[in-house]
Amino acid sequence: MRSAVRFRLPPELEAAAPPEARGLRRDHVRLLAVDRATGAVEHHRFHQLPRLLEPGDLLVVNDSRTLPASLLGRTAGGEPLEVRLAARDGDRWAALVLGVPGDGTDPALVPTDARPAAPVVAAGERIGFAGGLGATVLGRHEEAGPLHWLAFDRAGERLAEALHRAGRPVRYAYVPEAWPLHHYQTMFAAGPGSAEMASAGRPFTVQTLRDLRDRGIGLATISLHAGLSTYGDPATDRRYVPAEPYLVPEATAAAVAACRAAGGRVVAVGTTVVRTLETAAAGGTVRAGAGVSRLRIRPGYRLAVVDGLLTGLHEPEASHLDLLAAFLDRPALDRAYAAALASGYLWHEFGDVCLLLPRRSEPVRDSCIRNSTELPA
């Protein structure tokens with residue numbers, strides 16, 4: 001179901017370009033800090049994050065690298081289409097097939113609900129892309145009607161190279177200019193796999209990490225390859241929970257356990273990290289290893305291991321707002337979003353961020369810092 005949090009997002013608050021193109025450093029986007037206990041709101045810049053945390057806190061980030069997951073192609077009959085990769089399952093890929101304008105307009109500039117109807121692609125049909133890359137349609141997705149299963153004619157490094165030649169980042173109509181893929185990566189990006197950027201980690205810089213280290217704040221990583229944020233169909237967006245593969249390293253499981261044992265706060269950088277840690281938790285303990293998350297967090301969900309959340313600002317009625325409601329009650333969440341709207345915060349992957357954090361009353365030993373990832377010197 002869609003979130004009960006409803007508001008109107010003015011077009012001028014949709015971030016249309018990376019902050020660097022707006023004359024800002026990545027770590028100078030705005031940061032709305034919300035006290036989970038009281039709902040009190042404070043306004044900051046992201047580079048001030050270290051002083052909003054306490055020694056002994058642990059930040060957990062997603063190191064999944066964003067794929068060039070939007071591919072323009074043609075059916076065997078010559079009909080143009082756009083394919084957006086949603087998730088990989090072994091040798092096959094779940095993908096959203098969209099129609100494209102016939103007048104040469106960049107498809108990214110046209111909202112999905114205003115696109116021409118997508119060509120009908122049946123099992124066995126071939127789709128061709130730039131650079132000679134091709135894929136065979138295997139059939140419709142069993143759970144998500146708008147999605148199809150595809151099998152590419154290349155695999156491994158050869159497929160990765162072909163995707164980088166033929167593809168581009170998934171882009172929505174509120175971003176009028178095409179930006180290179182590196183603008184859709186965080187500084188933590190490692191193994192490729194996400195259809196869209198784990199954008200809560202985008203404002204981090206080397207200087208931010210140094211300041212966090214000097215403050216005594218730990219850092220750990222997980223990998224979760226995120227799917228598309230929307231499938232172009234409201235009914236599917238409401239009910240479909242994609243299977244997203246994740247990996248929790250041994251060092252991260254140990255860092256989370258040590259931080260919690262010492263009384264520190266585990267702060268997830270992004271909703272992908274919340275879903276990963278909560279999926280991997282058993283009895284309040286995060287288990288290392290690989291798995292698949294289909295966890296949907298709603299109001300009333302009792303968080304097992306995550307204390308705080310650093311996240312972007314989410315669209316009206318988006319399901320991500322339900323996850324935020326596990327951190328804040330509805331009145332506090334409404335007030336926080338009202339404050340963001342009134343103060344002109346910017347939405348989406350190139351926009352501003354929000355920190356939901358509980359107060360901590362007791363000092364913390366340094367064990368969670370010793371067990372975390374080394375921060376740059």
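Trainee: In what order do the nine strands of the open sheet run?
Mentor: Start with the general idea: strands of a sheet pair through backbone hydrogen bonds, either parallel or antiparallel. In this predicted model, the order is E2-E1-E20-E19-E15-E3-E13-E14-E18, with mixed pairing. Strand E2 (41-45) and strand E18 (289-293) are the edge strands, each pairing on one side only. From one strand to the next, the twist averages 25°.

Trainee: Which strands does E3 pair with, and in what sense?
Mentor: E3 runs parallel to strand E13 (residues 218-224), joined by five bridges. There, leucine 59 sits opposite leucine 219. E3 also pairs in the parallel sense with strand E15 (residues 266-269), over three bridges, and leucine 58 has valine 266 as its bridge partner in E15.

Trainee: And how is strand E1 joined to strand E20?
Mentor: Through five bridges: strand E1 (residues 30-35) and strand E20 (residues 353-357) run parallel. Look for aspartate 35, which stands opposite leucine 357 in E20.

Trainee: Back to E3: which residues lie on each side of it?
Mentor: General idea again: in a regular strand the side chains alternate between the two faces of the sheet. In E3, Leu58, Val60 and Asn62 are on one side, with Leu59 and Val61 on the other.

Trainee: Are those faces covered or open?
Mentor: Both are covered, and the residues on them are all buried. Buried here means under 20% relative accessible area.

Conventions
Residues are numbered from 1 along each chain as its sequence is written. This is a predicted model: local features need pLDDT of at least 70, side-chain atom pairs count only at pLDDT 80 or more; totals for chains, interfaces and linings use all residues. Side-chain values use heavy atoms; hydrogens and water are left out. Buried means under 20% relative accessible area, exposed over 50%, partly exposed in between (1.4 Å probe, protein chains only). Helices (H or I, at least four residues) and strands (E, at least two) are DSSP runs, numbered from the N terminus. Two strands pair if DSSP finds at least two bridges between them. Axes are lines fitted to C-alpha atoms, for helices over the stretch in contact, and angles run from 0 to 180 degrees between N-to-C directions.
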